[in-house]
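Subject: Structure handover

Hello,

Here is the structure for you to look through. Please open it beside this email and follow along.

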Amino acid sequence: MPRAVREQQMLDAAVRIFGQRGYRAASMDEIAEVAGVSKPLVYLYLNSKEELFTACIRREAAALVAAVRGGVSGGGVSGGAPADRQLWAGLRAFFTHTAERPDAWVVLHQQARTQGEPFAAEVTVMREEIVAFVTSLIAEAAREAHRKPELADREVAGLAQALVGAAESLAGWANGDPSVSAKEAAATLMNFAWAGLGELMEGRRWLP
C-alpha cells in the first residue's frame, strides 16, 4: 500500500480516537489498532502523538476551509451571485461538513483549542481564514446595498467574527441532536444573521 494512503488511514483512525476519547486519553495503541497497523509503524510515519495530533488538525482544518469555499464557488453559486446566496451556500457547506465529520469537528473546535500551543495556533489560522472570507461577503453585501457602503471596516470585521462564532456554537448543538439537519442549522443562522444584516444595510440601527 502506498505510503500516502497508509498515512491517511492512520489520520482517519487518529481523528476518530481523538474526537471520541480526547487528546489526553487517546492512546497510540488504540489508534494503531483502529488503523490496522502496528504502533511502531505509526511512530515511523508520524513520529509522536503530538505530531500526529498536529497532522490531524492541519488536515481537518484544510478540509473545512475547502468545503466552505467550495460550497460558495460550486453548486451553481458563483462569485458574482448576490452576497446572501453566497453566504447561504457557505453556511450550508459548513454545517454539512461538520455534520458528516463530527469527530473532526470535536478535534478542531474542542480538543485543539484546549490543549495549549501549538495546537490552538493551528486552529486560529483556520479560523482567521474563514473570518476573512465571511468579512469579504459582508463587505460585498454592503456594497450591493449602497454605492458608498455605510458599514465601517471595523464593524464589518466585528460582524464576521460574531457570525463565525455563532456558526461554531451552532455546529456543536446540531451535532448533538440527530434531529437537526445541516440545512436546518444553516437556515437558523441565516435567518438570525441576515435579518439583522438587512436592517443594517438599509441604515436601520438598534440604539440603546
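Below is what was found, topic by topic.

**Ground rules**

This is a predicted model, so local features need pLDDT of at least 70 and side-chain atom pairs count only at pLDDT 80 or more, while totals for chains, interfaces and linings use all residues. Residues are numbered from 1 along each chain as its sequence is written, and side-chain values use heavy atoms, with hydrogens and water left out.

**Overall layout**

The chain has nine helices and zero strands. Helices (H or I, at least four residues) and strands (E, at least two) are DSSP runs, numbered from the N terminus. The C-alpha trace spans about 60 × 40 × 30 Å along its principal axes. The chain has 208 residues, and 44% of them count as buried. Buried means under 20% relative accessible area, exposed means over 50%, and partly exposed is in between (1.4 Å probe, protein chains only). Now take contacts, meaning heavy atoms within 4.5 Å. Among those between residues at least 6 apart in sequence, 70% join residues at least 24 apart.

**The core**

A nonpolar core is a set of buried Ala, Val, Leu, Ile, Met, Phe, Trp, Tyr and Cys residues joined through side-chain atoms within 4.5 Å. The largest one here has 63 residues. Phe-18, Leu-52 and Phe-95 touch the most other members. Look at Phe-18. Leaving out residues up to four places away in sequence, Phe-18 touches a list of residues that includes Tyr-23, Ile-31, Leu-52, Phe-53 and Val-107.

**Aromatic rings**

A pair of aromatic rings is described by the distance of the centres and the angle of the planes. Rings of Phe, Tyr and Trp (its six-membered ring) pair if their centres lie within 6.5 Å; planes under 30 degrees apart count as stacked, over 60 as edge-to-face and the rest as tilted. The structure holds seven such pairs. One of them is Phe-53 with Phe-119: the centres are 4.8 Å apart and the planes are at 80°, so this pair is edge-to-face. Phe-53 lies in helix 4 (residues 49-73) and Phe-119 in helix 7 (residues 119-145), so the pair ties together parts that are 66 residues apart in sequence. Phe-53 and Phe-119 are both buried. Phe-18, Tyr-23, Phe-53 and Phe-119 form one aromatic cluster.

The test is NZ of Lys or CZ of Arg within 6 Å of the ring centre and within 35 degrees of the ring normal. Arg-3 lies over the face of Tyr-45, 4.2 Å from the ring centre. Arg-69 has its charged end over the ring of Phe-133, 4.7 Å from the centre.

**Helix 3**

Which residues of helix 3 (residues 39-46) are buried? They are Val-42, Tyr-45 and Leu-46. These residues cover an arc of only 75° around the axis, which puts them on the same side of helix 3. The arc is that of the directions from the helix axis to the C-beta atoms. Pro-40 and Leu-44 are exposed on the other side. The cover over the buried residues includes helix 1 (3-21), helix 2 (28-35) and helix 4. After helix 3 comes Asn-47, whose phi is positive, near 70°.

**Salt bridges**

Side chains of opposite charge can pair when their charged atoms come close. A salt bridge is a side-chain nitrogen of Lys or Arg within 4 Å of a carboxyl oxygen of Asp or Glu. The structure holds ten.

- Glu-7 and Arg-3 meet at 3.9 Å, N to O. Both lie in helix 1, four residues apart, about one turn of the helix. Glu-7 is partly exposed at 22% relative accessible area, and Arg-3 is partly exposed at 45%.
- Arg-59 bridges to Glu-60, with the closest N and O atoms 2.8 Å apart. Glu-60 is buried, at 2%.
- Arg-69 bridges to Glu-129, with the closest N and O atoms 3.5 Å apart. Arg-69 lies in helix 4 and Glu-129 in helix 7, so the pair ties together parts that are 60 residues apart in sequence. Arg-69 is partly exposed at 37%, and Glu-129 is partly exposed at 34%.

Salt bridges that share partners also join Asp-12, Arg-59, Glu-60 and Arg-101 into one network.

Best wishes
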